[in-house]
Protein chains: 2
Amino acid sequence: MPAASKPILVMKFGGTSVAGIERIRKVAALVKRQVANGYDVAVVVSAMSGETNKLVGFTREASALHDAREYDAIASTGENVTAGLTAIALDAIGVPARSWAGWQVPIQTDGVHGSASILDIGTEGIKDRFAQGIVAVIAGFQGISPEGRVTTLGRGGSDTSAVALAAALGAARCDIYTDVDGVYTTDPRIVSKARKLDRISYEEMLEMASLGAKVLQTRSVEVAMIHRVKTQVLSSFDDSVGDNLPGTLVCDEDEIMEKRLVTGVAYSRDEAKITLVRVPDKPGIAAAIFSPLADSGINVDMIVQNVSDDGRTTDMTFTTGKADFDRAIKVLNDNAPHIAFERISTDQNVVKVSVIGVGMRTHAGVAQTMFRTLAEKGINILVISTSEIKVSVLIGADYTELAVRALHTAYGLDAE
Amino acid sequence: MPAASKPILVMKFGGTSVAGIERIRKVAALVKRQVANGYDVAVVVSAMSGETNKLVGFTREASALHDAREYDAIASTGENVTAGLTAIALDAIGVPARSWAGWQVPIQTDGVHGSASILDIGTEGIKDRFAQGIVAVIAGFQGISPEGRVTTLGRGGSDTSAVALAAALGAARCDIYTDVDGVYTTDPRIVSKARKLDRISYEEMLEMASLGAKVLQTRSVEVAMIHRVKTQVLSSFDDSVGDNLPGTLVCDEDEIMEKRLVTGVAYSRDEAKITLVRVPDKPGIAAAIFSPLADSGINVDMIVQNVSDDGRTTDMTFTTGKADFDRAIKVLNDNAPHIAFERISTDQNVVKVSVIGVGMRTHAGVAQTMFRTLAEKGINILVISTSEIKVSVLIGADYTELAVRALHTAYGLDAE
């Protein structure tokens, strides 16, 4: 009778968790504990903190305009180093381990160098090693393209490596070790009464990540949601990790007992507001404005069209990321003859504040509470956008902390 | 009619030649010049100087006893970085280039991790790129094992990568760029009148390398000799490189016009002398001593057995590398009952001085000149060993410079 196969655990460690040999030894000790708890363990590691920046600096110094394939060949090497060192540190404490580069697994990606997407992961080799009682240590952030070149998954891509590997292996859970001990109701640096969440739904986490919470790469949450990978965010500096769940579990909505109207308050300073003043108020004007922006790869987020004063012209306001701002202005000016605006008015001193919660689906009044709370503090709302589980407002950046704290209190999120 | 294929040139650059982006730009300029000279160029690069030591230091810090496969995965990454950066630097000056890791070429090796031997090199991918006018930049020092793991070729292994690649590609020449401008008749740091050789035969270069000259990895010379790869040693700090041969060409004996009795004087401080005092003078005693040493992987070099005084016992003297010395003593003591020596006498303060030259094959008197020269300087010879094209003597380390200078003069090698 073959032995019953063990549950599989994927453990991912970020750059600060593997920043030196002493830190890597602590990682090995955490892995050893989970092996003792009866798991087959796959470890995914980032490069030592600072290492990828150093390598990227080299490529920029060599040439500002460099081939993205060479960038990937260079930038991916930091993870190979920490994967090998982690395997050595595990061996040294009696836990047999071997390292894998992305191409060895293989982690197959598309050919979009610099921000590739994972297409498929071969798990046979890793499972063979599991059967021999060997821990698999996989270099994060990297894969191999259809042409056999090394690819990278974009900054923070090791989170996605880990979640995708957990999906491919059918892992019981993916634990993302980082330098914070979980996902908070809001940024604890701003709100001292922020509470760590025990659980958060995939949908909420996705909104939190894309609306400014930096704890997980947005794409990794998408992969976790699609494949229903139970994902825990927890601290590698906390020694109390066992089979309990000390961090925050990202999971299905129906696995969350505590029902909340609002789960968290997020904010993003990476916003720029652009207003086209007095554009013709006629059908097709939105297409004339936003098609050329889309063609240039510029993401437009919040959009509001003012009520027309005179029935002939209107103002169109929207936001982009700060990195896209200069290009957006250029595209708009290049297309000025088609759009026929009077002038462009801009503001980069803005912030987007969002409240997120699946409870909104069934409870009215969340947006009203937000507007009333901000009005009571004298905060002017510049733009509003909503989706099924979030309400976002654009406000002056000076009001960020005031707004986040007031909303955190208004929705009953403050810790006792 | 297809275009006639171009001659192929392999250019190898060591760690000091790629020690930073500015140095890598100079490498790119040298490559560009040879592309302009009409060659298809394959570039082989080492890691930035100091980088491999840093990585090896990490592995040692992680565990003194580490898996050689993980060592290789880690230690090989420095070459991937410089290969990518060199490709970027070439692109930046209008020379299309792409980088290759060892596994991508593939450079197939055996599974002896840490000092693997190259078994085969696939050249199809590189030749496809040549046909498109693209320079191939290959990470040196590394290959892939039959099991698909990354291997390394031992310190200095990038020389071997380059020569083996030149053999596989059928290259017109392999240029080894280093921090010296060629092979000298002896170490110029000791003998100011040392002369740079224009040409040296494979056999002589092999003896020079194995007897202490550090300019080329010994194995790379073996590969060059077996495959008759014309190999030039030259300086990457010299800007006068064109299609002339400014360095030293390692080539067939019959391509060398100038006939010399002795080509060079080499010395090695990596020697330890061991004497077994009063061992039984009977058949089988040599086997009793040297078989257990060989079984332990200890290389024994020079051997001399003294004439027996009493017909019953004799002294047996031999040398090992300093790194093997402690282990050799342990093996001998472990086997003391079988060998039956009276005691062990040792001396690590010794040096091996060798004179090398294919002219010895046809001219007698080379050894006598050596012995007479050393005697005139009052230098005592401890052990002698000879081969077809070299004579080596072991002497006290304090006499190294005196002996090397005297021999250099005696064989007429001094520059005017």
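## A covered helix in chain B

In this predicted model, the buried residues of helix 7 of chain B are B:Tyr202, B:Glu203, B:Glu204, B:Met205, B:Leu206, B:Glu207, B:Met208 and B:Ala209. The helix spans residues 202-210, and with eight of its nine residues buried it is mostly covered.

Just after helix 7 of chain B comes B:Gly212, whose phi is positive, at about 130 degrees.

## How the two chains are related

## The contact between chains A and B

Chain A and chain B each take part in the contact, with 26 residues from chain B and 26 residues from chain A. On the side of chain B that touches chain A, the elements that give two or more residues are helix 1 (21-36), helix 2 (51-62), helix 3 (68-75) and helix 4 (77-92) of chain B. Of these, helix 4 of chain B gives the most, with ten residues.

Sorted by class, this side of chain B holds 13 nonpolar, nine polar and four charged residues. Because 100% of the interface residues of chain B are also interface residues in chain A, the copies meet through the same surface.

## Domains of chain A

For chain A, the domain assignment gives domain 1 (8-256) and domain 2 (272-347). The centres of domain 1 of chain A and domain 2 of chain A, taken over C-alpha atoms, are separated by 39 Å.

## An open antiparallel sheet in chain B

In chain B, four strands in the order 15-16-14-17 form an open sheet, and their pairing is antiparallel. Strand 15 (300-305) and strand 17 (343-347) of chain B stand at the edges with a single partner strand each, so one side of each is left without a neighbour in the sheet. From one strand to the next, the twist averages 20 degrees.

Strand 14 (residues 272-280) and strand 16 (residues 313-320) of chain B pair in the antiparallel sense over seven bridges, and B:Thr275 has B:Thr317 in strand 16 of chain B as its bridge partner. Helix 9 (residues 285-295) of chain B lies across strand 14, strand 15 and strand 16 of chain B, and it runs at about 140 degrees to strand 14 of chain B.

## A strand of chain A covered on both faces

In a regular strand the side chains alternate between the two faces of the sheet. In strand 3 of chain A both faces are covered, with A:Ala97 and A:Ser99 buried on one side and A:Arg98 and A:Trp100 buried on the other.

Strand 3 of chain A runs parallel to strand 6 (residues 135-139) of chain A, and four bridges join the two. In this pairing, A:Trp100 stands opposite A:Ile138 in strand 6 of chain A.

## Backbone exceptions

Most residues other than glycine have a negative phi, and most peptide bonds are trans. In chain A, however, a cis peptide bond with an omega of about -10 degrees joins A:Val105 and A:Pro106, and A:Pro106 is found in the loop between strand 3 (97-100) and strand 4 (107-109) of chain A. In chain B, a cis peptide bond joins B:Val105 and B:Pro106, again with an omega of about -10 degrees, and B:Pro106 is found in the loop between strand 3 (97-100) and strand 4 (107-109) of chain B.

A:Arg278, in strand 14 (residues 272-280) of chain A, has a phi of about 55 degrees, and it counts as partly exposed because it has 17 C-beta neighbours inside 10 Å. For B:Ala340, phi is near 60 degrees; this residue is found in the loop between helix 11 (336-339) and strand 17 of chain B, and with 15 other C-beta atoms within 10 Å it is partly exposed.

Definitions and conventions
Residues are numbered from 1 along each chain as its sequence is written. Chains are lettered from A and ligands numbered from 1 in the order in which they are written. This is a predicted model: local features need pLDDT of at least 70, side-chain atom pairs count only at pLDDT 80 or more; totals for chains, interfaces and linings use all residues. Domain bounds come from an automatic or database domain assignment. Two residues are in contact if their C-beta atoms, placed from the backbone, lie within 7 Å. Ala, Val, Leu, Ile, Met, Phe, Trp, Tyr, Cys and Pro count as nonpolar, Asp, Glu, Lys and Arg as charged, and the others, Gly among them, as polar. A residue is buried if 20 or more other C-beta atoms lie within 10 Å of its own, exposed if 12 or fewer, and partly exposed in between; C-beta atoms are placed from the backbone. Two strands pair if DSSP finds at least two bridges between them. Axes are lines fitted to C-alpha atoms, for helices over the stretch in contact, and angles run from 0 to 180 degrees between N-to-C directions.
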